[in-house]
Amino acid sequence: MSTTAPTAQAVTPDTLRAPRLPRWASPLVALGSAAAAVGVGLGTGLHSRVQWGLIAALLFVVASYVLATVVEGKRQAKDRFATSMVWMTFLLAVIPLASLIWETVERGSKVFSPYFLSHSMGVVADREVGGGINHAIIGTLQQVALASLIAVPIGLLTAIYLVEYGRGKLAKAVTFFVDVMTGIPSIVAGLFVLSFWILILGFDFSGWAGAMALSILMMPVVVRSTEEMLKLVPNELREASLALGVPKWRTILKVVLPTAIGGITTGVMLAVARIAGETAPVLLLVWVNPFINTNPFDGAQGSLPLYIYQQYAAGSEASYDRAWAAALALIGFIMILNLVARGIARWKAPKTGR
Amino acid sequence: MAKRIDVSGLTAYYGSHKAIEDISMTVEPRSVTAFIGPSGCGKSTFLRTLNRMHEVTPGGRVEGKVLLDGDDLYASGIDPVNVRRTVGMVFQRPNPFPTMSIFDNVAAGLRLNGSYKKAELAEIVEKSLKGANLWNEVKDRLNKPGSGLSGGQQQRLCIARAIAVEPQVLLMDEPCSALDPISTLAIEDLIGELKERFTIVIVTHNMQQAARVSDRTAFFNLAAVGQPGKLVEIDETERIFSNPSVQATEDYISGRFG
């Protein structure tokens, strides 16, 4: 018996139990390393809180690895090491975001008020207190709406062509140029419209000119996200519809698009959020107008990113405050858009309930 | 209502790959014809050529003739959309439209092809769901999403959806392969009822199922992997399963294959 071929006995453990660290071990190690980092920081006279944080992180990773090796064994220790690295990088990514929002809210809330939202800078000099962003909000809303009006239909139709119809060379060329468009710097899009619309055709600066440049930036984002969403629609649904004798265009309109509409909406909203913060093309094409101009086709307009740039450049105490408050308004606007997009996506998503 | 299908010299390609070669057969109206054969022998491809679904696959093309009561489906001037309205199809995996309720799923074929009055639609939906033996299970929740049903119920929903447009022929591509025996039995019973009104063609891997539900059985085979699939023989189901005229059929049915 003892001389037979080797069996799986060699790797099969004798017991299914394995020593595990208790649940409170990890938080305790975290607390301990934080305390130790503070101690080290104070002891060696390190002033930067960033250094304290790095020391704490390093201590935590090392301590939990060592502890797990001793108590739980090598495999579990590697697992803990990977987990703590993931947590560290997550914190590293969240810290800038949190501090950015904190900073903007803290500095922006000083002058952020209904008055600020409902008044323009028309009769207020840059160094004076007062004034508001009403003209900039109107400008941004109109420019973004116009840009979406151009970019969304073209983007949607391009994506539908690429996924549902496109075969061969033309589809490949379209995909290639969409990729190229994704990489266009915003200033280049602005310069293109500037030279074509304003310098060659001789039109004036206007919200419409800015919207055209913004739509160039928005289109590839819409195409890409819509394409991905349409690809996610299972082919079986298309075949089921075709097999019922439904023409292809109605299949796309009534079966494919409704199935993907949640994701498409999210993609479009993200594209809107991307262009709402663009400064360069607006700077070149919309110019600056401290007065309210509700006609995007005639003359210079305001715009939120432009307002922030210009108020910050003005350099007085009052204009700094206004720049931060406008930044807060822009973040709020984009956040609301994102929430609306998520709401629509959830509302329209295919339901699986009983 | 039901129509006869005459296929002659049919060859189907995917791009340059020949999937099935030179198939000729007759499918009798108001009967069930089963296709059996090993995986990859082109049963499903052949089935899909019968309502021009084959060409939906990129690169898919067909040579030969498929006559539906004398009309060639592949003649010029034939609209594939009209062909598919006449020859319905049920797929291997149940595929209800996820954005639509049970009612809308059954009404989809009608609603997407034209406008109907509400009362008319409700009547057709009820008739189709009854025809698919699903009415009693779903009549209280017609407005709930179709994807909330069980697999067997979903497949019957797809059958209801297919028969709601009143096709002349119903093609079924392994309709029970994803279902448990009880749901399979429900669908087999349903096939028995449906053949009173429709011409039915069913692809199946389950030989007992072919023996149970079909009147005629066709055996497909391929010489080797990569070779096109061919029709070996088609005959009365009883004969195929008791005394087939080709040795390969007997080998396949008795499990002595390959």
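Start by colouring chain A by secondary structure: from the N terminus on, its elements run α-α-α-α-α-α-α-α-α-α-α-α-α. That makes 13 helices and zero strands in chain A. Helices here are DSSP runs of H or I with at least four residues, strands are runs of E with at least two, and both are numbered from the N terminus.

A word before going on: this is a predicted model, in which local features need pLDDT of at least 70 and side-chain atom pairs count only at pLDDT 80 or more, while totals for chains, interfaces and linings use all residues. Residues are numbered from 1 along each chain as its sequence is written, and chains are lettered from A and ligands numbered from 1 in the order in which they are written.

**Stop 1: the whole of chain A**

Along its principal axes, the C-alpha trace spans about 95 × 75 × 40 Å. Of the 354 residues, 34% count as buried, that is, with 20 or more other C-beta atoms within 10 Å of their own, the C-beta atoms being placed from the backbone.

**Stop 2: two domains**

Now select residues 16-108 of chain A, which are domain 1, and then 134-348, which are domain 2; these bounds come from an automatic or database domain assignment. How far apart are the centres of the two domains, taken over C-alpha atoms? They are separated by 40 Å. Four residues from domain 1 and five residues from domain 2 take part in the contact, where two residues are in contact if their C-beta atoms, placed from the backbone, lie within 7 Å.

**Stop 3: where chain B meets chain A**

Next, show both chains. Here 26 residues of chain B are in contact with 21 residues of chain A. On the chain B side, select helix H2 (80-86), strand S6 (87-90) and helix H3 (102-111), each of which supplies at least two residues. H2(B) gives the most, with four residues.

**Stop 4: an annotated stretch of chain B**

Finally, select residues 5-247 of chain B, which the unreviewed UniProt entry annotates as "domain: ABC transporter"; such annotations may be inferred rather than shown by experiment. Over these residues the chain is 35% helix and 27% strand, and the end C-alpha atoms are 27 Å apart.

Methods. Buried ≥ 20, exposed ≤ 12 C-beta atoms within 10 Å, placed from the backbone.
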